[in-house]
Each structure stands twice: as C-alpha cells, then as structure tokens.
Amino acid sequence: FSNTSRGPVLRSARIRERQSFAPLSKDAGAALTLVEQTLTLREEVGALECPTKPTNRTSIIFNYPRFSWQQKSCDVMAIMERVPMMDPKLYSELFSELVNEMRNCNHDALKSIIDKFIRCFPRGESPTEIERVQHALILDALAYVGTCPAIELIGEITTEKVEENEVSCLSSTRKRELAVSLSAVPLRFCSPCVTLSTALKIAEEFPGNMTFKLVVGAVIRSVTEHPGYLCPEEIEKAFSFLEMQWRTALGEVEGGILNVTQAVHALKALGNSKLPRSLPMIITALNTTTGCETNDTSPEIEIRLSAVDALGEIGDKFPSKVREIVRRIFLTSCETPEVRIAAYLAYIGTIESPFPPDPLELKHVVMSLQADPNMNIKSFVYTHLIALQKSDNPTKKPRREMISYIITSTNIRYWCSYCDLGYFSSKAQKHRSE
C-alpha cells in the first residue's frame with residue numbers, strides 16, 4: 001500500500017494484493033493473481049458548491065448536475081430585485097434565501113453581485129433608500145456566507161482604495177463588522193489558511209486599527225484549536241505581525257519610544273491568539289511596568305491591565321505559571337484595584353484548566369483578604385464567590401465545585417459588588433474580537 005498527500009488531503013492511493021488459490025496443492029503449484037487498485041483525486045468540490053442532490057452514484061464517485069456560475073449570479077440578482085416590492089417585515093426571510101444562494105457562488109459570481117449593489121458614489125451624490133437597503137442586505141449576507149470566495153472578497157473590498165472624487169461605499173464601522181465576521185467563520189465552510197491570510201491582509205493595510213489586530217489573534221486561536229486544519233506558514237506570518245506590533249509599541253524598532261495605545265492593542269491581540277509563544281511578551285509587559293506608586297490614570301496601568309487580561313486568556317495553557325503570576329499581583333496591596341480584580345478573575349479562570357489550583361491554596365488566597373485595607377477588593381471578591389455558588393450556569397460548574405470549600409460568610413460591609421447578567425450586544429463577538 002502506498003499513498004501521496006498534500007497537507008490533510010489524500011491526493012492518491014495505490015494498493016496491490018497477491019491472491020493465492022491452492023485448494024489441492026502447495027504454494028509452489030498455486031494459482032496466483034495480482035490485483036492492483038489505484039484511487040486518484042481528480043477535483044475538489046466543496047459541499048456548499050453542490051446545491052442539489054447527486055443524480056447517481058457509481059462506486060464511490062458522485063455525479064452532480066452541472067450549473068453555471070452566471071446562473072447562480074442571476075439567481076441572487078433576482079432575489080435582490082424583489083426588495084423594492086417587499087414588506088420590510090419580510091426581509092428576514094429574504095436574507096436567509098440570499099445567504100444560501102450566495103454560498104453557491106464562486107468568486108467571479110460574487111464579485112459581479114458586489115459590483116452591482118455596492119459601489120462608490122461621486123461626491124455630492126447619495127444612494128436612494130432602496131439602494132441603502134440592498135447595500136445593507138448584501139453586506140450582511142456576505143459576512144454570513146463564510147465560503148472561501150466570500151472571505152477573499154471581504155479582504156478585497158475592505159482594503160480597496162477609493163478615488164479622490166468618490167465617497168467610499170464602506171464606512172469604517174462596516175469594515176470592522178466584515179473583519180470581525182472572519183473570527184466566526186466555521187472551518188468546514190472555508191480553508192482556515194484563506195481566512196487567516198485575509199485577516200492578516202486587512203490588519204496590515206490598517207496597522208493602527210485595534211479591531212483588525214484582535215481579529216488576527218482570534219482567527220489564530222480558531223485555527224490552532226483544530227489540529228486537523230493547521231496552517232503553519234500562515235500562523236507564523238500572523239504571529240510575526242503581532243510580535244512586530246508589540247516590539248514597535250515598546251520602542252524596540254528604529255529607536256522609538258513607548259506607545260501605550262499600540263502596546264495595549266498588541267497585548268490584547270496576543271491574548272486572543274492564545275499561543276504559548278505569547279507568554280514571554282506578556283510577562284515582559286508586567287516586568288517593565290509597575291502598579292505601585294502610580295495614579296489611576298497612569299499609562300502603565302492600561303498596559304498592566306491588558307497584560308493581566310491576556311494572561312487570563314492563555315491561563316489554560318500554562319495554569320501553574322499564570323496562577324503564580326496573577327496570585328502575586330492580586331495579593332500586592334499597593335497594586336491598582338482594577339489590575340488586582342483582573343488578576344483575581346484570571347486566577348479563578350484557571351479552575352477550568354486541566355490542572356486546577358489546590359482548594360486549600362484558593363482558600364488561603366481568599367482568606368488573606370481579611371487583612372487587606374481595600375474594602376472594594378474584598379467586597380468584589382466575596383460577592384463574586386457568592387454569585388458563583390448560586391449560579392445555575394452549567395459552564396460554571398467547575399468553579400462552583402471548587403469554591404464550595406471556601407467559607408464566604410463575612411460581616412464586612414459591601415462597598416461594591418459583582419453581578420453576572422446576560423445581555424445581547426450587536427458588537428459582541430467570540431474571543432473578544434470587538
């Protein structure tokens with residue numbers, strides 16, 4: 001048996017069998033038959049590119065009816081032409097149909113649709129109300145399609161240059177929304193290499209935008225959490241980009257000075273990536289800043305707070321190391337309260353790691369607050385533990401079981417409290433991409 005593969009895809013396989021038939025004789029006089037079978041990959045057809053059921057099956061080969069991409073483009077155009085005649089209350093039904101049809105389009109078909117309904121207007125002109133609705137529907141659908149042609153097109157229209165005498169067809173908010181959608185693309189719809197390359201392309205075009213950096217980190221995490229879809233070259237390029245952003249923020253490139261805003265962006269993106277290689281840079285951020293003897297508005301506080309948040313993101317990768325760092329920060333009474341609370345939450349987050357803290361250690365950390373002079377810290381921690389004990393959220397079961405060993409009753413006066421509420425936000429995205 002022999003085979004050839006390219007990445008996770010088997011390109012060809014060859015098997016040889018030696019069959020011996022000797023009912024009345026020994027092997028020397030047996031009838032021998034050599035059977036050879038070869039299987040070769042001729043073409044790849046994504047599941048979303050087959051809109052109908054197979055017409056027939058021969059062995060393991062499925063035959064699908066052929067269709068033209070021009071026809072699929074016309075089908076999408078026909079849906080959009082129904083917009084002026086529809087009741088706005090029925091747009092949701094049309095939207096689902098639009099997404100399904102766009103998933104069956106290749107790059108050229110999608111490009112023709114985008115060129116028709118999303119265009120730049122000369123200065124002084126503005127689209128009609130129907131054009132605004134069609135514009136919004138197409139862009140919203142494009143963010144939900146999730147196929148490789150759609151992902152590539154998002155990268156193209158987001159980074160497209162606009163002529164001086166024209167007004168951009170995409171606002172900065174809409175560009176952020178399209179970029180954020182990359183962090184939620186199901187890997188079964190599109191190659192993760194395409195998604196990560198597109199996210200990196202957008203971030204490199206707008207290096208000063210925090211959202212695009214966070215998206216790069218979020219896509220790296222999505223890819224690395226699925227080992228069967230690893231793209232080592234793309235991951236290396238994306239991480240090198242985030243690393244360069246961090247070095248530039250620290251002033252290590254071309255003799256620059258510390259850029260607090262850029263440092264915060266880089267730390268959040270590194271935390272989003274959840275890569276083990278991020279830990280040394282996060283620790284550097286904590287070692288080069290101090291939380292004591294600084295006021296609440298100090299730029300160093302922003303960097304420390306972002307670094308602690310990043311530690312919380314990668315806490316399940318290095319639970320023991322992260323616990324040691326955040327516990328030291330939490331128990332430092334002169335540290336800024338916001339940073340101490342973030343360190344406490346990062347410490348609690350390691351409970352869900354494969355190596356949770358020892359219950360006695362956690363109890364010691366909490367009970368050490370009895371002598372802490374900051375009432376706000378004590379109030380927050382105690383009310384947070386009580387809320388966890390009372391929560392019926394199944395995702396918090398490991399935390400409930402762990403803190404059941406801790407005595408949370410106390411006679412202190414609550415100056416602040418923790419409250420866990422669920423809410424919907426149109427800006428909320430997985431892995432804190434927004």
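Helix axes here are lines fitted to C-alpha atoms over the stretch in contact, and angles run from 0 to 180 degrees between N-to-C directions. Helices themselves (H or I, at least four residues) and strands (E, at least two) are DSSP runs, numbered from the N terminus. The model is a predicted one, where local features need pLDDT of at least 70 and side-chain atom pairs count only at pLDDT 80 or more, while totals for chains, interfaces and linings use all residues. Residues are numbered from 1 along each chain as its sequence is written, and side-chain values use heavy atoms, with hydrogens and water left out.

Overall, the protein chain has 17 helices and 7 strands. Of its 434 residues, 40% are buried (under 20% relative accessible area, with exposed meaning over 50% and partly exposed in between; 1.4 Å probe, protein chains only). Among contacts (heavy atoms within 4.5 Å) with a separation of 6 or more, 65% come from residues 24 or more positions apart. The chain exposes about 24,400 Å², with carbon and sulfur atoms supplying 52% of that area (Shrake-Rupley method with a 1.4 Å probe).

Now for the helix pairs. Two packed helices are described by the angle between their axes and the distance between the axes. For α14 and helix α16 (residues 375-390), the axes come within 10 Å and cross at roughly 25°, which means that α14 is roughly parallel to α16 (angles under 35 degrees; over 145 is roughly antiparallel, 65 to 115 roughly perpendicular and the rest oblique). The crossing of α14 past α16 is right-handed, with the near helix turned clockwise from the far one by less than a right angle, or anticlockwise if left-handed. Residues making the contact include Tyr344 and Ile348 of α14, along with Phe380 and Leu385 of α16.

Isoleucine 348 sits in helix α14 (residues 337-349) and is buried, its relative accessible area being 0%.

A second pair is helix α11 (residues 279-287) with helix α13 (residues 319-330), whose axes come within 13 Å and cross at roughly 15°. These two are therefore roughly parallel as well, but α11 passes α13 in a left-handed crossing. Leu279, Ile283 and Leu286 of α11 meet Lys321, Ile325 and Ile329 of α13.

Helix α15 (residues 359-367) has two faces. Its buried residues are Leu362, Val365 and Val366; they lie on the same side of α15 because they cover an arc of only 95° around the axis (taken from the directions from the helix axis to the C-beta atoms). Leu360 and His364, on the other side of α15, are exposed.
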